[in-house]
Amino acid sequence: QVQFVESGGGLVQAGGSLRLSCSVSGSTFSINVMGWYRQAPGKQRELVALISNSGTTHYADSVKGRFTISSDNAKNTVALQMNSLNPEDTAVYYCNADAYAAYDDSWGQGTQVTVSS
């Protein structure tokens, strides 16, 4: 049983920055890849960024160069630094283990990010 708790969202103006945090608890030993995802109103949930236990990262084209994913394995946390935000980044942001993302009951509450123009 693994739990993901997101925090750090809020309301910011275009061009601003936010840092999201994810606390992971439970059987974390089985997690090899963590990801940040987001879901905007009326849209499907989409992958934002991935990070492996070795530190390899992947970013969606829409956020590449603006967002940075990082992890602290000792503290079981994953962060997403978001810079140069624009209104298209407005969404509920979730963290999850990549291997669990297909299971609906694996998702936490997410954290709302709203970017005003």
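## Strands 5 and 6

Strand 5 (residues 46-52) and strand 6 run antiparallel and are joined by 3 bridges. Strands here are DSSP runs of E with at least two residues, numbered from the N terminus, while helices are runs of H or I with at least four. Two strands count as paired if DSSP finds at least two bridges between them. Across this pair, Ala-49 stands opposite Tyr-59 in strand 6.

Before going on, a word on what you're looking at. This is a predicted model, so local features need pLDDT of at least 70 and side-chain atom pairs count only at pLDDT 80 or more, while totals for chains, interfaces and linings use all residues. Residues are numbered from 1 along each chain as its sequence is written, and side-chain values use heavy atoms, with hydrogens and water left out.

## The whole protein

What is the protein built from? It has 10 strands and 0 helices. Its 117 residues would give a compact globule a radius of gyration near 13 Å, and the protein agrees with that at 13 Å. (That radius is taken over C-alpha atoms, and the globule rule is 2.2 Å times the number of residues to the power 0.38.) The C-alpha trace spans about 40 × 25 × 20 Å along its principal axes.

Of the 117 residues, 41% count as buried. Buried means under 20% relative accessible area, exposed means over 50%, and partly exposed is in between, using a 1.4 Å probe and protein chains only. The protein exposes about 6400 Å², with carbon and sulfur atoms supplying 46% of it; the areas come from the Shrake-Rupley method with a 1.4 Å probe, and for residues only the protein chains shown count as cover. Among contacts with a separation of 6 or more, 54% are between residues 24 or more positions apart, a contact being heavy atoms within 4.5 Å.

The hairpin of strand 7 and strand 8 has 4 residues between the strands, and one of them, Asn-76, takes a positive phi near 55°. Asn-76 is not a glycine, and it counts as partly exposed at 29% relative accessibility.

Ser-84 is another non-glycine residue with a positive phi, near 50°. Look for Ser-84 in the loop between strand 8 and strand 9 (91-97); its relative accessible area is 43%, so it is partly exposed.

## Salt bridges

How many salt bridges does the structure hold? There are 4, each being a side-chain nitrogen of Lys or Arg within 4 Å of a carboxyl oxygen of Asp or Glu. Arg-38 bridges to Glu-46, with the closest N and O atoms 2.7 Å apart. Arg-38 is buried at 5% relative accessible area, whereas Glu-46 is partly exposed at 35%.

Arg-38 also meets Asp-89 in a salt bridge (2.9 Å, N to O). Asp-89 is in the loop between strand 8 and strand 9 and Arg-38 is in strand 4 (residues 33-39), so this pair ties together parts 51 residues apart in sequence. Asp-89 is buried, with a relative accessible area of 1%. Lys-64 and Asp-61 form a salt bridge too (3.2 Å, N to O); Lys-64 is exposed at 52%, and Asp-61 is exposed at 67%. Through shared partners, salt bridges join Arg-38, Glu-46, Arg-66 and Asp-89 into one network.
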